[in-house]
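Thanks for coming. I will take a few minutes to walk through one structure, starting with a strand and ending with the ligand.

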Amino acid sequence: MNKSSFDTDVLIIGAGVIGLSIAREIAKKGLDVIIAEKNRFAGTETSSRNSEVIHAGIYYPKDSLKTKFCIEGNKKLYDYCEKYKIPFNRCGKLIVATSDEEINKLFKIKKNIDEIGLVDISLLSKKEIHNLEPELRCSGALFSPSSGILDSHSFIQSLLTELQDLNCTVAFNSKVEKVIHSNDSLITEVNGNNEKINIRSKCLINCAGLSSQSVAKKIIGLSSDLIPKQYFAKGTYFTSSKKAPFTHLIYPIPENHGLGIHFTLDLSGRSKFGPDLEWIDKEDYSTDLKKRKIFYDQIKKFWVNIEENKLVPDYAGIRPKISGPNDQSADFIIQFPEKNNIRGLVNLFGIESPGLTASLAIGYEIGSRIDEVL
Ligand SMILES: Cc1cc2nc3c(=O)[nH]c(=O)nc-3n(C[C@H](O)[C@H](O)[C@H](O)COP(=O)(O)OP(=O)(O)OC[C@H]3O[C@@H](n4cnc5c(N)ncnc54)[C@H](O)[C@@H]3O)c2cc1C
């Protein structure tokens, strides 16, 4: 087996929306950037298996990274979509209480919204709900006008085109296998098409999504205390061949670890429902028609005319969780060198929803701190 070696300023592990966004910010500063991606294409894991919703930052604690990056990322993503002509629709979203008991939960969400300071989100009257969505069945609703949808595939493609113009190398079929570090550099062993390659970099950024923990375990010398336990929470989507009558996103009251089976449109107008939440041990993207009844029962709470036999399984994604079924949902973790005690190393863990919305803001944050990392 051959062994070649390359030098670069920054090596990024993972060409999902997070790795691509970080690379873009760093390459704009004139630094040499390589992305190592184990798959043949960019964004084929979590970045293309989600709801494609641009979130407003409603649900997370005020001082969390999720709130900060979601709110900043929401604005950056709409601006990006406009500038680079990415298909999007700022269609707005209703969060609905489907029983009188759920109204208190709606008030609790509103309290969090007020604490965060999201001034555009309001509780609607029955008449206002009816005017927006005549066929929606609910006891009350919050309206978020800045929530919307985008075409995540066009977004990924656009980031790749920008990176090409910025002379950033995206190495596909390149799996990171081991990292060693010295005082002034990190040496990463990459397996690409049965050829072992060593990449020496001043900075290494691990944003490998579902594999962030397994990659971190391959960094010789990184304390295992700094690697959070990993959980996978699968989310399946169904689509309905009967077109839903809604023009806004419709979300139920969220659960602890997910936002509940919600209604979203895609940009072709297709109705999607999901994701549900299923704890699994290993990556598995299969879908199961047996879940149809559960979906039907949930959707019927807000759309009475849904027909069960028109629901068909669509696709599934997996949330890279760092909190388990009995824990409170955890925040994003971004570990800079002062935390992980390895010069030049940045690790990202638990970048679940709203990671797509937050991607450009996370990229901006790491890009603006790159001088202190190098
Ligand atoms: C069901 C579901 C619904 C969601 N809905 C939304 C939503 O509506 N709105 C929103 O804002 N967010 C949503 N999210 C979250 C969002 O999709 C993720 O936060 C985001 O895509 C994470 O991007 P990433 O780049 O970190 O991960 P990924 O896209 O998984 O990218 C990581 C990359 O690292 C690569 N990699 C792994 N190991 C190695 C290795 N050893 N060597 C080289 N490469 C490696 C992988 O191949 C992969 O391409 C949802 C997530 C799920 C699961």
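Ser 122 has Phe 143 in β7 as its bridge partner. This is a predicted model, so please keep that in mind throughout.

Within it, Val 96 sits opposite Ala 141 of β7.

Is β7 mostly covered or mostly open? Mostly covered: of the 5 residues in β7, 140-144, 4 are buried.

Now the domains. The protein divides into domain 1, which is 3-48 + 153-228 + 330-373, and domain 2, which is 93-145 + 230-321. Their centres, taken over C-alpha atoms, are 32 Å apart. Domain 1 puts 9 residues into the contact and domain 2 puts in 8. On the domain 1 side, those that touch domain 2 are 2 nonpolar, 6 polar and 1 charged.

Next, the ligand. How many residues surround the ligand? The count is 42, and the closest are Gly 14, Gly 16, Asn 50, Gly 209 and Gly 355. Elements that supply two or more residues to this shell are α1 (17-28), β10 (174-181), β18 (311-321) and α9 (355-368). Sorted by class, the shell holds 16 nonpolar, 18 polar and 8 charged residues.

Key:
Residues numbered from 1 in each chain as written. Predicted model: local features only at pLDDT ≥ 70, side-chain atom pairs only at ≥ 80, totals over all residues. Near = placed C-beta within 6 Å. Nonpolar A, V, L, I, M, F, W, Y, C, P; charged D, E, K, R; others polar. Domains from an automatic or database assignment. Contact = placed C-beta atoms within 7 Å. Buried ≥ 20, exposed ≤ 12 C-beta atoms within 10 Å, placed from the backbone. Pairing = 2+ DSSP bridges.
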